[in-house]
Amino acid sequence: ITTLIANPKGIFGVYSYREVFAFDRFWAIGSGKAFALGAMYAAYDAIGTAGEIAELGVNAGAEFDKSSALPCRLISFPMKQ
């Protein structure tokens, strides 16, 4: 199982050998992750919210990776400080 966890402490990737990595701005998993990471990197400083950055990454992955597809449903909620 590969899991991505985001919380007020940061963004963490949890991998099958119980490895945990921390990421400072964004990350992606799945077959379209290279396209998603490239799109998010290119637009990171120009886009305002985390949701917009995530949606951009998903759309890029779905556009350019043959094993990815839309639709995408983005769910966001306020985080407790």
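User: Which residue in β2 is the bridge partner of N7?
Analyst: Happy to start there: in β2, N7 has G10 as its bridge partner. This is a predicted model, in which local features need pLDDT of at least 70, side-chain atom pairs count only at pLDDT 80 or more, and totals for chains, interfaces and linings use all residues.

User: What makes β1 and β2 a pair of strands?
Analyst: Strands are DSSP runs of E with at least two residues, and helices are runs of H or I with at least four, both numbered from the N terminus. Strands β1 (residues 3-7) and β2 (residues 10-14) share five bridges in the antiparallel sense, and a pair needs at least two bridges found by DSSP, so these strands qualify. T3 stands opposite V14 in β2, and a hairpin of two residues joins β1 to β2.

User: How do you know that β2 and β3 pair as well?
Analyst: The bridges settle this too: β2 and β3 have four of them, in the antiparallel sense. One of the facing residues in β3 is F21, which stands opposite G13. Five residues lie between β2 and β3 in their hairpin, and R18 in the turn has a positive phi of about 60°.

User: Is R18 buried or exposed, and how do you know?
Analyst: Buried means under 20% relative accessible area, exposed means over 50%, and partly exposed lies in between (1.4 Å probe, protein chains only). R18 has a relative accessible area of 79%, so R18 is exposed. Its positive phi stands in a residue other than glycine.

User: And why is W27 called partly exposed?
Analyst: W27 has 27% relative accessibility, so W27 counts as partly exposed. W27 is placed in the loop between β3 (20-23) and α1. Leaving aside neighbours within four places in sequence, W27 is in contact (heavy atoms within 4.5 Å) with L4, I11, Y15, L37 and M40.

User: Which residues make up the largest nonpolar core, and what makes it a core?
Analyst: Its six residues are F26, A28, A36, L37, M40 and I53. Helix α1 (residues 33-43) gives the most, with three residues. A nonpolar core is a set of buried Ala, Val, Leu, Ile, Met, Phe, Trp, Tyr and Cys residues joined through side-chain atoms within 4.5 Å, and therefore this set carries the name. Apart from neighbours within four places in sequence, F26 is in contact with I11, L37, M40, Y41 and Y44.

User: What makes the nonpolar surface patch?
Analyst: I75, F77 and M79 make a patch of about 350 Å². Patch residues need over 30% relative accessible area and no salt bridge, with nonpolar side chains joined within 5 Å and like charges within 9 Å. A salt bridge puts a Lys or Arg side-chain nitrogen within 4 Å of an Asp or Glu carboxyl oxygen. M79, at 42%, is partly exposed, so M79 clears the 30% cut-off. M79 is placed in the segment after α2 (50-64).

User: What is the peptide bond from L70 to P71?
Analyst: That bond is cis, with omega near 15°, and P71 is found in the segment after α2.

How values were computed
Residues numbered from 1 in each chain as written. Heavy atoms only, no water. Areas by Shrake-Rupley, 256 points an atom, 1.4 Å probe, with all protein chains shown as cover.
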